[in-house]
Structures are given as structure tokens and as C-alpha cells.
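Keep the structure open and find each residue as you reach it.

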Amino acid sequence: MSNILTMNNIQKSFGELEVIKDISVSIKQGDVLSIIGPSGGGKSTLLRCAAMLETINGGSILYGDKKAAWTEDNGKVVYAKGKDMKEIKNYFGLVFQNFNLFPHFSVLKNITDAPLRVQKRNKDEVMAEAEVLLDKMGLKEKADSYPYQLSGGQQQRVAIARALALKPQILFFDEPTSALDPELTAEVLRVIRQLAEENMTMAIVTHEMNFARLVSDHLIFIDGGVIVEQGSPDQVLGNPKMERTRAFLNKLEQ
């Protein structure tokens, strides 16, 4: 299987603060990568760099064989431009922890707006696909509702449908359940598990360890801007090699 995403030697600082020191990670088609670690360790920043919401200070990002960002010999980071960047941005969809839905758009318009306006796709086709997605998310009867009329779990499922409507090759989830109570968390995790079963390629920043163990092919533990440990979920969560990983997991269990 070819890599959908390859990130090499990523560095990211905010002023003096070095949040990512040197992280390399690749995700193959159909794989689910979970990213765990303490707050402030660099997990969400790594995802935001992958989605071009933050610019990197060093390293390279590739989607398939397309270069999104790279470091030149003089140390300057260059990003793809124009048509190339547009193509690259079609590779991924992003689901945030706080939904980020348009409050003045109905559920249906939230899902169909970008495929119609940004991707300029056929309206009948987009509408038909949106209907299928709403059904899949268990939200068929909510098409004409507005975000404020939905529970947090329903809003997050709309956000997932919106990301899927763009037909991305990889979906990024940034702590998709951190704003939800346990009952609503379960319904969102169920949807993500279903996507995993359908071989959707995903990278998920999560603090739900049981969920990470269930859905992931690969798991990385990030702390202090580096990957401390990586491997299968059973290895990293069940039999960690590094003392730092053990301490983190023990703290979660208390």
C-alpha cells in the first residue's frame, strides 16, 4: 500500500517555544493512526501542520507523491502553490473538537456548501451523496435543522459528514470527543469505528485509550515534541517499552 501522508523531520515553534522538535510519521492507505500523549506535547499541532493550518519551521510534508511543503538547502520552508496546493487540500478532511459548523447554515447546507462552492461539483450528485451521509450518521431527519437545535454528538456527526462530503483520502480527527459527555462520546466513536471498518484512512488525536486500542493499526505516543514510543496498540498500550509511556498510561488509569 502506498503512503497517503508522509511527514519527515517536522519542526514547529511558536516564538521561542519549540512544540515539535523532530517528528516523522507516515500513514498508508486504509490505516488508522492514533496519536496519544499529554496536553501540550505536540499532538494537535502535528495534525494542524498536516492540514496546513500551521506552517512548519522545518521538514517536509507529502500527500501521495505530491510535495506540500519542503525545506530548501538554505533552511527555508517552501509550500506548494496555486493548482498544486488546491489538489493537495483535496486529499484531507478535518474534524475539530468543537465542531466548527456554520451556525447560520442548515445541516444539509453545512454538508453540501464546500463540495458545491469550493469543488464546483454537480449539484444533484452532491445532494444525493449528502442524503446517503446523513443516513449513515443517523441524522436523516435533521437535514433542515440548524446546529443550535442539535446535541453535541449530533453536531460532531454533522462535522464528520461534512468532512466526508469532500471525498478526502484521509480524515484527521483532533480529539473528536473531548467536548462531549460519555453518552454522546459513544455515538461519535461508533461512527469512527464504522469508518475504520470501511477502510477509511484516518489520523486521530485522542485520549480515549480503549477506543485507540480498538480502531488503530498503529499508535504513536508524543511528548515534548518527539515520538517517545510507537507500534501496534497492543504493544504501546499493553506492553510499553519506555518508562515515560508507562507513567503516562498509569496516570490515566488512576
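**Notes on the model**

1. Let's start inside. The residues that line the largest cavity are Leu5, Met7, Val25, Ile27, Leu33, Ile35, Leu46, Leu47, Ala50, Phe172 and Ala203. On a 1 Å grid over the protein atoms alone, a cavity is a set of points where a 1.4 Å probe fits but cannot get out, and lining residues have an atom within 4 Å of a point. This cavity has a volume of about 40 Å³, a volume being the space filled by probe spheres set on the points, with grid points joined across faces, edges and corners. The count comes to three cavities of 30 Å³ or more.

2. A word on where this comes from. The model is predicted, so local features need pLDDT of at least 70 and side-chain atom pairs count only at pLDDT 80 or more, while totals for chains, interfaces and linings use all residues. Residues are numbered from 1 along each chain as its sequence is written, and side-chain values use heavy atoms, with hydrogens and water left out.

3. Which elements supply at least two residues each of the lining of the largest cavity? They are strand S1 (3-14), strand S2 (17-28), strand S3 (32-36) and helix H1 (43-50). Helices (H or I, at least four residues) and strands (E, at least two) are DSSP runs, numbered from the N terminus. H1 gives the largest share of this lining, three residues. The lining divides into eleven nonpolar residues, no polar and no charged. Here Ala, Val, Leu, Ile, Met, Phe, Trp, Tyr, Cys and Pro count as nonpolar, Asp, Glu, Lys and Arg as charged, and the others, Gly among them, as polar.

4. Now look at H1 itself. Six of its eight residues are buried, so H1 is mostly covered; buried means under 20% relative accessible area, with a 1.4 Å probe and protein chains only. The six are Lys43, Thr45, Leu46, Leu47, Cys49 and Ala50. After H1 comes Met52, with a positive phi near 60°.

5. Next, the nonpolar cores. A nonpolar core is a set of buried Ala, Val, Leu, Ile, Met, Phe, Trp, Tyr and Cys residues joined through side-chain atoms within 4.5 Å. The largest has 37 residues, and Leu5, Met7, Leu46, Ile61, Tyr63 and Phe172 have the most contacts inside it. S2 gives the most to this core, with five residues. A second, separate core of 35 residues includes Leu150, Ala165, Leu180 and Met202. In soluble globular proteins, nonpolar side chains tend to be buried together.

6. Phe172 is worth a click. Leaving aside neighbours within four places in sequence, Phe172 is in contact (heavy atoms within 4.5 Å) with residues including Leu5, Leu47, Tyr63, Phe92 and Ala203.

7. Turn to the largest pocket, which holds about 640 Å³ of space. Of its 20 lining residues, Lys89, Phe92, Leu94, Ala114 and Leu166 are the closest to its centre. A pocket is an open set of points with protein on both sides within 12 Å along at least five of seven lines. Helix H2 (82-89), strand S7 (92-95), H3 and H5 each supply at least two lining residues, and H3 has the largest share, four residues. This lining divides into ten nonpolar, five polar and five charged residues.

8. What do the buried residues of H3 pack against? They pack against helix H4 (123-136) and H5. These buried residues are Val107, Asn110, Ile111, Thr112, Asp113 and Pro115. Asp113 has a relative accessible area of 9% and is in contact with Phe105 and Val118, leaving aside neighbours within four places in sequence.

9. In H5 (152-165), pick out Ala159. Ala159 is buried, with a relative accessible area of 2%. Ala159 and Val107 are 52 residues apart in sequence and 9.3 Å apart in space, C-alpha to C-alpha.

10. Finally, zoom out. Of the 254 residues of the protein, 52% count as buried. The C-alpha atoms fill a box of roughly 50 × 50 × 35 Å, taken along the principal axes.

Conventions: Buried < 20%, exposed > 50% of the residue type's maximum accessible area, 1.4 Å probe, protein only.
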